[in-house]
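Take a look at it before reading on.

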Amino acid sequence: MPIRRRVRVELILLAVLIVCLAYVIRWARQDGGYGSGFYVTGSGRVIRVEYGDSDSTEIDGSILSDPYVKNNKDLAAWAQMAWENQWGYVWGTFGNVLTEEEYASKLTQYPDNVGQYSDFILEHWLGRRTADCVGLIKSYGWYDPDTGSVEYGANGMADVDTEGMYEAATVKGTIDTIPETPGVIVYMSGHVGVYIGDGYVIESIGTEGGVVRTRLKGRGWTDWFRCPYIAYD
């Protein structure tokens, strides 16, 4: 075989191997739970992630220091709970258990963002609590401690998307100036997460990832801001 042709074939085989390896990383399981400690984004970037070890759908209101005053520390605790219980991700959801009726509603509402992942959602997230990235924050804001449920639009938190929440924030800065304050929001275009302190972020990373814990550094966040609908101390 001519050298150039052989090199071309070897490069093709190497590219195929890399793609296959990425999908092996993406779909592998660890300790019986979803994920292997890595997540591959739609752009092909491999991100180190950590998954919780519970599949509970219960909301433990006792984790909140003040259930009637929405505050940054309780937002961080809420995000931690969602991570520990391995909440899933479905576009447009905000922390309720995903029923067949809710899935059908979101499929109708967001046919592209939900429809392309239908098989995965039905296999992995049906019967689990789910939230998209900004929905994770809204799930805390809309939690009613009296009923123990997440109720759309409750407690004065606006139903805004990622960009709307960022634009509404009055206290913000570039990521290199982030304060060591649990419950501040980290931001990149089209995506948000909750900083929980000590260099860690809880984020609902995508349909095939769900709610994960990631390192702040090197993740690609560009800005931070205080959620405009809660109190900070």
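The questions below cover a pocket and a set of strands in this predicted model.

Q: What is the volume of the largest pocket, and which residues lie nearest its centre?
A: The lining of the largest pocket holds 39 residues. Its volume is about 750 Å³. Nearest the centre lie Tyr 89, Trp 91, Asp 132, Cys 133 and Gly 190.

Q: Which element gives the largest share of the lining of the largest pocket?
A: Helix 3 (100-109), helix 6 (133-141) and helix 7 (162-168) each give two or more residues to the lining of the largest pocket. The largest share is three residues, and it comes from helix 6.

Q: How many residues of the lining of the largest pocket are charged?
A: The lining includes 14 nonpolar residues and 15 polar ones. The charged residues number ten.

Q: Why is strand 11 largely enclosed by the rest of the structure?
A: Strand 11 spans residues 191-197. Buried means under 20% relative accessible area. Strand 11 is largely enclosed because its buried residues number seven of seven.

Q: Which residue takes a positive phi in the hairpin of strand 10 and strand 11?
A: Strand 10 (residues 185-188) runs antiparallel to strand 11, joined by four bridges. Tyr 187 stands opposite Val 192. Two residues lie between the strands, and the positive phi, near 85 degrees, belongs to Gly 190.

Q: Which residue in the turn between strand 11 and strand 12 has a positive phi?
A: Strand 11 and strand 12 (residues 200-204) pair antiparallel over three bridges. Gly 197 has Tyr 200 as its bridge partner. The hairpin has two residues between its strands, and the positive phi of about 55 degrees is that of Asp 198.

Notes: Residues are numbered from 1 along each chain as its sequence is written. This is a predicted model: local features need pLDDT of at least 70, side-chain atom pairs count only at pLDDT 80 or more; totals for chains, interfaces and linings use all residues. Side-chain values use heavy atoms; hydrogens and water are left out. On a 1 Å grid over the protein atoms alone, a cavity is a set of points where a 1.4 Å probe fits but cannot get out, and a pocket is an open set with protein on both sides within 12 Å along at least five of seven lines; lining residues have an atom within 4 Å of a point. Grid points are joined across faces, edges and corners, and a volume is the space filled by probe spheres set on the points. Ala, Val, Leu, Ile, Met, Phe, Trp, Tyr, Cys and Pro count as nonpolar, Asp, Glu, Lys and Arg as charged, and the others, Gly among them, as polar. Buried means under 20% relative accessible area, exposed over 50%, partly exposed in between (1.4 Å probe, protein chains only). Two strands pair if DSSP finds at least two bridges between them.
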